[in-house]
2 protein chains.
Amino acid sequence: MNSNSTDYVLADQVGFLLRRAHQRASLIFKNTFEDTSLTPQQFAVLAKLHEVNNVTQNKLGRLVDMDPATLQGVIQRLMQRGFVLRNQDPQHKRRLIISLTETGCEMLKNCFELGRQVSSETLQTLDKTDKSELLRLLRLISE
Amino acid sequence: MNSNSTDYVLADQVGFLLRRAHQRASLIFKNTFEDTSLTPQQFAVLAKLHEVNNVTQNKLGRLVDMDPATLQGVIQRLMQRGFVLRNQDPQHKRRLIISLTETGCEMLKNCFELGRQVSSETLQTLDKTDKSELLRLLRLISE
DNA sequence: ATAGTATTGTTTGTACACATACATTGAATG
DNA sequence: CATTCAATGTATGTGTACAAACAATACTAT
C-alpha cells in the first residue's frame, strides 16, 4: 500500500507545529517585554553576554545560534541603544569583542524576571512533567 | 531565597529552544525542497489548498497561521510562479478566493513525499513514542 | 618565507512576521 | 435610510534568517 496525498496533513507535520509554537512564544515575549522594546534575539544576546562577557562576535553567534549576517544587525541595534560595545581585539585585528555596557547590564537585571514570565506563560498549559519533557525533546531535535 | 540572574540560563528557555528547533527544521526543509525552490510557508499554503480548495485569502491565512500582510506576499510569489489563482468573490467584492492551478496541483503531487522526508529527518533522533509526544506537546502550547 | 586555506566580519538580496495605518465593502443598528 | 461597525485586503516600515559574494586577517604546510 503506497502512501498518497491524503496521508499528508499539514497540521500533523513537526515543521508546521514548530512554526506555530515559535510564533506564539514570540508573541508572548513581545507582550511581556513591551516596555523594553527588546526583541527575543536582542534579549538572547544580552542574556548570553551576561553569562560570558567579552566574546568574539563570531563565537557569540554560535552561542545564540545566529548567522553572522543576522547577528551583525542585532548587535548594531543593541549598540545604537548603548547596551553593548564592540571593540577590536588587539591580538587579532579581524576579530570584534562584544561586551555589555553598564546601561546594558542595568537594563538586563530587570529583564530576567520578565524572561521567566515568558517561559512560564508559554508552558502554562503543560504540567510539570510535560514541561521538562518538551524541553528535553526540543533539545534532542536541535542536535 | 529570591531568584537572581544566575537562575536564568538562556539555553533552558522554551522560546530559545523553539527558535533553534524551528531553524533546524527550516534548514532541513530547504535542503530537501531545493529543486522546487518552495519555502516552508509557500508549501504550507499549497498543501492547505489541496485540503480545502477555493478558500478566502483571509480564511486561508487562519488555516496556515499567517498574518494577512504576510500571506499577501506569499500568495503573490505563488501567483507569479503560476501555482495559484486569485479571483474576486462575485458575492463579496471585498473577498479574494484562492485556488490551486493545474500547474500548482501537479507540482504539489511531487512534494508530499518530500514533505514526509522533512518531518522524518527532523524527528530522526526520537523514538516512536517521543515523536508523537513532541507533536502532542507542541499542539498543547500552540492553543 | 610563500602559497594556500581557514577564520572572521560586511554587504546585498529574498523571504517571512507583524505592527500600524489605510481603503473598501458588507452588515447591523438606530 | 443613514451612520456605525466589522471584515477583508493593501502598503509601508522594522526586525529577523540566511545565501552568496566579498574582504581582510590569521594559520599551516611546504
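Q: Which parts of DNA strand C lie within 4 Å of the protein, sugar or phosphate on the one hand, or bases on the other?
A: In this predicted model, 78% of the atoms of DNA strand C within 4 Å of the protein belong to sugar or phosphate, and the rest belong to bases.

Q: Which elements give two or more residues to the surface near DNA strand C?
A: From chain A they are α1 (14–32), α3 (57–64) and α4 (68–80), and from chain B they are α2 (40–51) and α4 (68–80).

Q: How does that surface divide by class?
A: The surface near DNA strand C has ten charged, eleven polar and six nonpolar residues.

Q: Changing topic to the two protein chains: how many residues are in contact?
A: On chain B, 54 residues are in contact with 54 residues of chain A.

Q: What area is buried between them?
A: About 5100 Å² is buried between chain B and chain A, and carbon and sulfur atoms give 62% of that area.

Q: Which three residues of chain B supply more of it than any other three?
A: They are B:Y8, B:R19 and B:I141, which supply 14% of the area that chain B buries against chain A.

Q: How many salt bridges and polar contacts are found across this interface?
A: The rule finds four salt bridges between chain B and chain A. One salt bridge joins the side chains of A:D130 and B:R136, with N to O at 3.1 Å. As for polar contact, 20 residue pairs are found across the interface.

Q: Which elements of chain B give two or more residues to the side that touches chain A?
A: They are α1 (14–32), α2, α3 (57–64), α6 (111–122) and α7 (128–141) of chain B. The largest share, twelve residues, comes from α1(B).

Q: And the classes on that side of chain B?
A: The side of chain B that touches chain A has 25 nonpolar, 15 charged and 14 polar residues.

Key: Residues numbered from 1 in each chain as written. Chains lettered and ligands numbered in written order. Predicted model: local features only at pLDDT ≥ 70, side-chain atom pairs only at ≥ 80, totals over all residues. Heavy atoms only, no water. Near = heavy atom within 4 Å. Helix = DSSP H or I, 4+ residues; strand = E, 2+ residues; numbered from the N terminus. Nonpolar A, V, L, I, M, F, W, Y, C, P; charged D, E, K, R; others polar. Contact = heavy atoms within 4.5 Å. Buried area = accessible area lost by both parts, 1.4 Å probe. Polar contact = N/O pair within 3.5 Å; in protein donor to acceptor, adjacent residues only side chain to side chain.
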